[in-house]
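Trainee: I should like to be guided through this structure by questions and answers.

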Amino acid sequence: MLIRPERSASLKALFRPESVAVIGASSNILRFGGRPIDYMKRAGFEGAIYPVNPTRDVIQGLRAYPTLSAIGDSIDCALVSVPTDETVAAIRDCAEAGVKAAIVFSAGFAENGPAGRALQDEMVAIARASGMRLLGPNCMGAFHAGHRFYGTFTVTFEDQIPPPGNVGLVSQSGGYGGYVMRHAAMREIGVAAWATTGNEADIDAGELMLHLAGDDDVEVIVTYLEGLRNGAAFVEGLAAAKAAGKPVVAMKVGRTEEGRVAAASHTASLTGEDAIYDAVFEEFGVIRASTSRELLDMTYALSRGRRPRGDRVGVVSISGGVGVQICDYVADAGLSLGVSPDALRQELTSLVPAASTRNPIDMTGLVSMNHDLMEKTMDATLASGAFDAVVVFLGICGMTPSMAEPLRDVIIRAQERHPEALVLLSVTAPEDEMPGYSRGGVLAFEDPADAIAALKALWRAPTPGQRAALMAPGPAVALPEGAGRLDEAKAKALLAGLGLRPPREERAADAAGAAAAAERIGGAVALKIVSPDIAHKTEAGGVALRLSGADAVRAAAEAMLPRVAQAAPEARLDGFLVSEMVTDGAEMLLGLTRDPIFGPMVTVGAGGTLVELLKDTAVARAPVTEAAAKAMILSLRTAPLLTGWRGSPALDVDALARAIAALSSAFAATPRLATIEVNPVVVRAQGLVALYAVIETSLGAKEEEHHERR
């Protein structure tokens, strides 16, 4: 379900309301109904604040109202902080008063089981009938720093309200959203807008990201995800952020089975396979963080707005050993180590004859004590133009009073003299002094690995105007009526119509027919049982390979029937398929499935009997273009087997890419195609051969309707 423009536009009332009602308002600034009022007053919110509480006349110096209707003014946003059993009535009051958006703090809904789900559904029905938008329930709310609106009870602002910045944060967990917000303030990462989604009864993470992609105050988007229900809305938000050149940093939890179970029980949400999330992130340039520290480091770097011109990294270190470590981090990040030009090496050697001037540059411990040497080293390195980013390791110098301030200042001065350069500094310093290193454009981190992770994020971040390469689906494929698995012969016939041909093969009704087919094909053949009910024929004894001559094929067929019948007694057996043996080329897997969150997905990988062992696959949303398909193929660890490994001939990667594009297009256009798996498809020096295929279909809309009536 795509987001209707008018519904997205209505989120303005959520982030930039002109009037706010607090239902369940409290004079106690430490209560859920008291914190938002306190925060907005301290922040200088310029709109109207209407506390609603039938037992108070004045709350925090503001006139209080017994009911929402008693206010007698239009309300953009209502904050609902009442017991669970009073929440539905409060939402009904909001709908009758024409409230545009409501933030529901109250818990005890879908996350608590069927009874809570029923209350939540009733609340949503009331809101949608009136056109009101809902954030939550069971959420910590939202704020927009530039608008000075703080519709949240997070404890983050109890001691201070930090200055606004350019980061937008969307978190499905309120507690984690508050945690990141607090640590962002400690790192002097300014947050422009923040929202926690709770149960996502109406507004979800994707819709909030779409809104932030269009918010001029937001330049970087950060999201914490446990699971999604509406993949289309999420994709729309990512596409908008990419087109706007706004980097997205995502923390997606639930990578393991244990994590997925925990996430589902916590938010009553569904989680998809982690590889599918990775594929969607890759498509839209999302930068995935694996830890909170990584998320904060990446966000910090991206929020400063500095981007490297290329991927050449220079390293300046006071420790040769750490310099080598940094080189490893650079390689792991997929960046390249720049080369020190001769002129730079000569200049550095003239400064410190014992220096190691190749990259990594080790100027020895002298530069930590002779600050003039460090300044000249930085000037020479940055002026050389040999590096797109320079990582400087100072170690514990930041904890040493005689070194900390002088070294910090010379590096900052060098950065200011070379504003086009990107400098990342690794230094250990007191926590309250670390922000002082982030001046003049320098990016400061404690550990060099953190600096390189942040640099990788800067390198991968999208630029304005980038859009995903899209391919229109179609045309649809004609399928037989009913649902189920096509037998192998029918599956291959369907694939042949899409340009993925099978080997020379014939179908036979019995052993004699199989023997005759083998004579016509000639040479060594493969014999396989034909059954729509057996997906893995080898395990059922339904495959015989490298058979030569009619007698051998007849004997194999006669032995195969009783063996398969015993192994799969319920399976329908519809004869045999006799195929030429294909012995050249590389075996690949091509699969298409329908993910419940993101829809049609295509997978390509190393195939054959070792597919589960190798687990070397690439996944993308379908359909994909030929160019995107080729990029998927070349991303595989086993791609060299296709492109000429150790003198072996290069295989027809372009033909495989065309097949992936064609099948993904047809699959996306044919909703009744439930799954397609071609394993193996043999990639040859010229062309492909589909040796085995499984295709499963589902009922059409009319068939489902008829089936339900029955």
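Predicted model: local features only at pLDDT ≥ 70, side-chain atom pairs only at ≥ 80, totals over all residues.

Mentor: Residues are numbered from 1 along each chain as its sequence is written, and side-chain values use heavy atoms, with hydrogens and water left out.

Trainee: How far apart are the end C-alpha atoms of helix H24?

Mentor: Helices (H or I, at least four residues) and strands (E, at least two) are DSSP runs, numbered from the N terminus. The expected span of a helix is 1.5 Å times one less than its number of residues. For the 17 residues of H24 (653–669) this should give 24 Å, and the end C-alpha atoms agree, being apart by 24 Å.

Trainee: How many of the 17 residues of H24 are buried?

Mentor: Buried means under 20% relative accessible area, exposed over 50%, and partly exposed in between (1.4 Å probe, protein chains only). Among the buried residues of H24 are Val-653, Leu-656, Ile-660 and Phe-667. The helix is mostly covered, and the number of its buried residues is twelve.

Trainee: Is Gln-60 buried or exposed?

Mentor: Gln-60 is in the loop between strand E3 (58–59) and strand E4 (62–63). Its phi is near 50 degrees, a positive value in a residue other than glycine. Because its relative accessibility is 13%, Gln-60 counts as buried.

Trainee: Which residue does a cis peptide bond join to Asn-359?

Mentor: The omega of this bond is about 10 degrees. The residue lies in the loop between helix H13 (342–351) and strand E17 (361–362). The partner of Asn-359 is Pro-360.

Trainee: Which elements give two or more residues to the lining of the largest cavity?

Mentor: A cavity is a set of points, on a 1 Å grid over the protein atoms alone, where a 1.4 Å probe fits but cannot get out; lining residues have an atom within 4 Å of a point. Grid points are joined across faces, edges and corners, and a volume is the space filled by probe spheres set on the points. The largest cavity holds about 60 Å³ of space, and its lining includes Val-167, Met-181 and Leu-295. The elements asked for are strand E10 (167–171), helix H6 (174–186) and helix H11 (292–303).

Trainee: How many cavities of 30 Å³ or more does the structure hold?

Mentor: The second largest cavity has about 40 Å³ of space. Asp-311, Arg-312 and Trp-459 are among the residues that line it. The number of cavities of 30 Å³ or more is five.

Conventions:
1 Å grid on protein atoms, 1.4 Å probe; cavity = no way out; pocket = protein on both sides within 12 Å on 5 of 7 lines; lining within 4 Å.
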